[in-house]
Every structure is written in C-alpha cells, then in structure tokens.
Amino acid sequence: MKKFLLFCLICEAALILCFSLCGKTDNKTHIEFATWGSESEIKILKPMLEEFERDNPEIKVDLMHIPQNYFQKIHLLFASNTAPDVIFINNLYLPLYSDAEVLEDLTEYNEFEYEKYFPKSIESMKYKGKIYAVPRDVSNLVFFYNKDLFDKNKIAYPQENWTLADLLNTAQKLTDNKTFGISFDEKPLYFLPYMLYFGGWGVNDSANYFSQNITAKSENKKGLEFYANLRTKYHVAPKKEEIASATMAQMFLQGKIGMYLSGRWMVPKIREEAKFDWDVVEFPKTMFMDSSGWSIAKKSNHKKEAIKLVLYLSSEKNSKRFAQSGLIVPARTDSAYSRDFLDGKKPKNAKAFLNTAQKSVPTPVTANYNEILDDLQKKTEYLFNK
C-alpha cells in the first residue's frame, strides 16, 4: 500500500512539473512558485501574480497549487532536482529542508526589511542561526468564546491577564447538561500550550525527546495532567464518546462549547456561521508561535527573479491584502497594526492575536519534529481517555 501511495505521489508530482513546463515558448523567464492553500487563498493570490507579471513583463510565474499532500510532493520535487524556484513553507518543515541544504540562506538579504516583522516570526524562520524564509503570517492559538453563553450565565468575560485557574473556574461555570465549558482536542498543537504554561516543552525537550521519558518530566506532567483533568476529572470538556463525529468547531458553532481554542484561520468561518455574539481572548500567560512564508530553492536557476517575486509578495501592500481576508495574522507589524487587520469586524478583541504574537515563544522544532508529535499523540491517548 505504501509503495502504491509513493507511486501515486511521484506520478502526481511529475504531472505538476509537466504542466508547469508546457508552453514555455514566450521568451520570458519562467519561475515556478509552489503553495498550498484553500481556494479562497488562491483567489487572493492569483490577482497578485497577474499584477506582478504586468509590472515585470520579462517574468512569467508558473503557479503550482498543491492543496493536498503538499510536503510529500515538495520532497519528491527536491529529490528529483526539479524543485520550484519559490516555495511556500512553514517552520515545522524548515529544519528538514535546511539540514538537507536545499534552501537559500536569506540572512544577508536586507532588502526583505526583517526589522518590520514581529521579531519572533523571523526567529521562527531561522534554523541554526540562519534565516531560510520570509514570513507571511504568524500562527498562534487564542480562545474563541460565546458571549451569549457568558451573558446567559452572568459570567464575566475572560480578561487578558487570566490564569489557568481562572480558565478552569470559568469552564466549570459554563458547563451544564447542554453545554461544555471548553474544547478538547488530542492533537499536540492544542495541549502543548498547557505544558508551556508550567514551564515545559522547551528546545531541549524537542531535541532529546526520544532519549528520555518526556511525559514524566515534572513541568510537562503538570501541563498534561491539567489538560486531561478538563475532560476526565472536571468533565468541563467533552469525552470522545460525547463528540461522536463532530469537530470542536462544529460544537462551538452549535453553541455546545463555551470556549474554543483555535487559530485565526477560523475567523472567516465563525464570522459567517455563528448565530451568537462572540469574541477572542489570549491563552493564559504565553503561547507557541508558528509561521509560514516564502523560501527560495538553493539550486534555483532564476534567483534574481525569485527574489523579485518574494519581495513583491512580502511587501506591505500585499501583506495588507492577505490580512483583509481575515484568514491570517500578518507577520509584518505595519500590516498587523493597520486597519486592514484591525478592521472593526468581529472579533472585537482582534488585538489578542497581536498581543499573543508579541509574547509568543517560537515552536522549538527539529528535523524530526513531526515524528515527535506523532509519538507524543500516541503516548497521551490513554491519559486523555481514562
């Protein structure tokens, strides 16, 4: 089965490359640009690329939109020396590619104006002291909360400086026979912040994960136990059998969960579908930060043109255009603190995303980080389902 899947991925990657190479008879310099993303993101991106081509008539951008199995296909393109010139990437995979020495070191490219970004976003795009991508957005989690449920139960809205004790107390007040106080997801993305709260899951934890019992480390154990107790002891979060096939997002939108931990990517959907008043608040104390951005293939034959494209995509103007979608938190501070992001729409407390970005800790990733997360999820399954 694995061999068949690999064969399918190779065939699909070959087709993508073939389509991108076809028809290059216009005497222009063609650069290939790979990205994932929803159709709504591509609708934002395509007009930008058309504008770039009008401003740079000697360049043609061949867009590779890979909505599924993105990194598997990028791996294959690198392995076959047919990698795109510009690759949209996230910090979780950055160490893997930088260790393989397939990405251009962008540290000395001062034209990218790194001083205009959240410092932690630049740090998240570094590996071993070198910058390998120009960040487009920062990604961190906040609590979305149903204000109508708070009002109905006469509960004060959560405030910026709240603690995990406040969170538990609030969740208990929200919980009744129809509603759970707080969301619960068994993916590490959603419980690592609880470990961080108690001082756990740092750089050394990730680096030495397989050489020690990480879940028994006191700080990590405290965070995991607090999180598990939300479900198993206090029952303010739904158990697996109470979720059935529903997602936490669906339960929140149905009014069955009072506080829902998620990211900025959920804002457009909640704006469109929520039948109740809602807002967001920061996770207590601090949060991990992830980032996505544009990198350049080290073996690109068109680095000059690739740099032009990344400069264009990462400009203040285009950063604001991405911000207007509501999907992302811009990595550029001039865009993040602009009216394009703080647009007066819900959530009213949109600055919570920016405050979190300022206080966040870049996720401590390693080349095998995704393997670590898979193993951690298996190790915690029993704890979360006692």
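In the contact of helix α2 with helix α14, Leu45, Met48, Leu49, Glu51 and Phe52 of α2 meet Glu305, Lys308, Leu309, Tyr312 and Leu313 of α14. The residues of this contact comprise 7 nonpolar and 3 charged, with no polar ones. The structure is a predicted model. Two packed helices are described by the angle between their axes and the distance between the axes. For α2 (residues 39-55) and α14 (residues 303-313), the angle is about 130° and the axes are 11 Å apart. Angles over 145 degrees count as roughly antiparallel and those from 65 to 115 as roughly perpendicular; α2 and α14 are therefore oblique to each other. Their crossing is right-handed.

On the α8 side, the contact involves Pro188, Phe191 and Leu192. These residues meet Tyr369, Leu373, Leu376, Gln377, Thr380 and Phe384 of α18. By class, the residues of the contact of α8 with α18 are 7 nonpolar and 2 polar, with no charged ones.

The model also contains an open sheet of 4 strands, arranged in the order β8-β9-β7-β10 with mixed pairing. Strands β8 (180-182) and β10 (278-282) are the edge strands, as each pairs on one side only. From one strand to the next, the twist averages 30°. Strands of a sheet pair through backbone hydrogen bonds, either parallel or antiparallel. Strand β7 (residues 141-146) and strand β9 (residues 257-263) pair in the antiparallel sense, over 5 bridges. Among the residues involved, tyrosine 145 has methionine 259 in β9 as its bridge partner. Helix α17 (residues 351-359) lies across β7, β9 and β10 and runs at about 15° to β10.

The side chain of asparagine 213 is joined to that of threonine 215 by a polar contact of 3.0 Å. Asparagine 213 and glutamate 305 are 92 residues apart along the chain, and their C-alpha atoms are separated by 48 Å. Glu305 is one of the α14 residues that meet α2.

Technical notes
Residues numbered from 1 in each chain as written. Predicted model: local features only at pLDDT ≥ 70, side-chain atom pairs only at ≥ 80, totals over all residues. Heavy atoms only, no water. Axes fitted to C-alpha atoms, helices over the stretch in contact; angles between N-to-C directions. Helix = DSSP H or I, 4+ residues; strand = E, 2+ residues; numbered from the N terminus. Parallel < 35°, antiparallel > 145°, perpendicular 65-115°, else oblique. Left-handed = near helix turned anticlockwise from the far one by under 90°. Contact = heavy atoms within 4.5 Å. Nonpolar A, V, L, I, M, F, W, Y, C, P; charged D, E, K, R; others polar. Polar contact = N/O pair within 3.5 Å; in protein donor to acceptor, adjacent residues only side chain to side chain. Pairing = 2+ DSSP bridges.
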